[in-house]
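Here's a quick tour of a few spots in this model, meant to be read with the viewer open. Have a look first, then read on.

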Amino acid sequence: MDPIVLKTLHLAGVFALFSSLGAVMLGGSGKKGASILHGVSLVLILLVGFAILEKPPMDQYWWMVKLALWLFIGVAPALSKRKVLPASVVLTLCLVAATAAAWLGLTKPF
């Protein structure tokens, strides 16, 4: 598949993910729909990310760190819902994790 299409789908998944995170953290009436969007966008990001990689470079570890950051963002709504951390802290940590994941994807440092 065309790399531009894959990157566009990957970014669309990221935009949907953070839209859903904002909706879940703020609560409101559409919380169930936001939770569904959260899960669907996580799956989209994962599948398209592996499609971009084609074959994960096993001798490098940056993609494994990105996977761990993806898992953290995946459980973030549960951290907020169960009051483990305040919603503002969870959202800030998610933004930091996404920034780190973007940096890892662009630089592939290790």
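Which backbone oxygen lies 3.4 Å from a polar atom of the side chain of His-10? That oxygen belongs to Ile-45. Keep in mind that this is a predicted model.

His-10 sits in helix 1. Setting aside neighbours within four places in sequence, His-10 touches Ile-45, Val-48, Gly-49 and Ile-52. His-10 has a relative accessibility of 19%, so it counts as buried, the cut-off being under 20%. Pro-3 is in helix 1 too, which runs over residues 3-26, but Pro-3 comes out as partly exposed. Here are the two side by side:

| Residue | Relative accessible area | Class |
|---|---|---|
| Pro-3 | 49% | partly exposed |
| His-10 | 19% | buried |

**Helix 2 against helix 3**

Now for the packing of helix 2 (residues 31-53) with helix 3 (residues 62-81): their axes are 10 Å apart, at an angle of about 170 degrees. Angles over 145 degrees count as roughly antiparallel, so that is the label for this pair.

Who meets whom? On the helix 2 side, the residues are His-38, Leu-42, Ile-45, Leu-46, Phe-50 and Leu-53. Helix 3 brings Trp-62, Trp-63, Leu-67, Trp-70, Ile-73, Gly-74 and Pro-77. By class, this contact has 11 nonpolar and two polar residues, with no charged ones. Ile-45 turns up here as well as in the polar contact with His-10.

Definitions and conventions. Residues numbered from 1 in each chain as written. Predicted model: local features only at pLDDT ≥ 70, side-chain atom pairs only at ≥ 80, totals over all residues. Heavy atoms only, no water. Helix = DSSP H or I, 4+ residues; strand = E, 2+ residues; numbered from the N terminus. Buried < 20%, exposed > 50% of the residue type's maximum accessible area, 1.4 Å probe, protein only. Polar contact = N/O pair within 3.5 Å; in protein donor to acceptor, adjacent residues only side chain to side chain. Contact = heavy atoms within 4.5 Å. Axes fitted to C-alpha atoms, helices over the stretch in contact; angles between N-to-C directions. Parallel < 35°, antiparallel > 145°, perpendicular 65-115°, else oblique. Nonpolar A, V, L, I, M, F, W, Y, C, P; charged D, E, K, R; others polar.
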